[in-house]
Amino acid sequence: MEKKLKNLSKRRIYSKLALGILIFLTMTLYLAVSMKDGGDIRPAGIVFIVALALGIGILLNGLKDLKNVEKGLPPEDERSRRIMQVASARAYMLSIWWLLILMWMMDEFGWAPPHPSTVLSAGIAGMALLLAVSWLYTNWKGDIE
Amino acid sequence: MKTRIKELRARFDLTQEGLAKKVGVRRETIVFLEQGKYNPSLRLAHDIARALKSKIDEVFIFD
């Protein structure tokens with residue numbers, strides 16, 4: 001791989017790694033502070049777990065890409081780009097359903113969250129999780145026709 | 001779609017990684033190609049055939 005292309009690829013991978021580290025550290029710190037003050041982390045527990053898992057996933061993926069670049073292989077190619085396109089499209093459709101279900105649950109069960117940001121967090125975390133699951137499934141199945 | 005990539009790789013003593021490096025793709029792409037789970041673009045099919053010193057229709061067999 002040309003040196004210039006290799007350096008550009010490395011810079012993109014380092015950005016990905018930085019994002020993974022940031023998410024992981026933020027969630028770990030938030031969890032530690034919440035537990036230290038004796039607060040109840042259960043309401044946001046699932047969001048924590050999702051965000052932590054995503055942070056770790058991004059980190060591991062970035063390290064794998066870095067290993068590929070060191071070997072002279074590209075971090076992404078036509079197949080990986082196509083997988084991301086298909087996975088994103090699927091996740092978008094599923095996210096619409098997820099948000100509808102969230103709104104229905106609020107109406108049907110009279111769920112009144114303590115703060116609007118709770119609903120927003122649940123929505124965003126759900127969408128991020130759907131994208132991750134969609135990507136994992138599409139990557140494993142190879143079903144991108 | 002079936003491929004003869006594995007057989008032709010062995011003929012030229014090429015690893016999956018070696019072939020991936022030659023054609024500029026990730027190793028996982030070669031794995032999925034060999035399993036017949038991915039249909040490559042025309043450009044990639046051409047590059048793989050050239051790397052394996054064969055014609056496209058000798059490497060990729062469409063059912």
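Chain B and chain A bury about 1,400 Å² between them, with carbon and sulfur atoms giving 47% of that; buried area here is the accessible area (1.4 Å probe) that two parts lose on being put together, summed over both. On the chain B side, R26(B), F32(B) and Y38(B) lose the most area to chain A, together 43% of what that side buries. Keep in mind that this is a predicted model, where local features need pLDDT of at least 70, side-chain atom pairs count only at pLDDT 80 or more, and totals for chains, interfaces and linings use all residues. Residues are numbered from 1 along each chain as its sequence is written, chains are lettered from A in the order in which they are written, and side-chain values use heavy atoms, with hydrogens and water left out.

**The interface**

- Contact (heavy atoms within 4.5 Å) links 16 residues of chain B with 19 residues of chain A.
- There are three salt bridges between the chains, each a side-chain nitrogen of Lys or Arg within 4 Å of a carboxyl oxygen of Asp or Glu.
- E17(B) forms a salt bridge with K71(A), and their closest N and O atoms are 3.5 Å apart.
- Helix 3 (27-34) of chain B, like helix 2 (16-23) of chain B, supplies at least two residues of the side that touches chain A; helices are DSSP runs (H or I, at least four residues), numbered from the N terminus.
- Helix 3 of chain B gives that side its largest share, four residues.

**The largest pocket**

- About 1,100 Å³ of space lies in the largest pocket. On a 1 Å grid over the protein atoms alone, a pocket is an open set of points where a 1.4 Å probe fits, with protein on both sides within 12 Å along at least five of seven lines. Points are joined across faces, edges and corners, and the volume is the space filled by probe spheres set on them.
- It has 34 lining residues, and K16(A), I58(A), N61(A), M84(A) and W135(A) are the closest to its centre; lining means having an atom within 4 Å of a point.
- Helix 2 of chain A brings the largest share of the lining, 10 residues.
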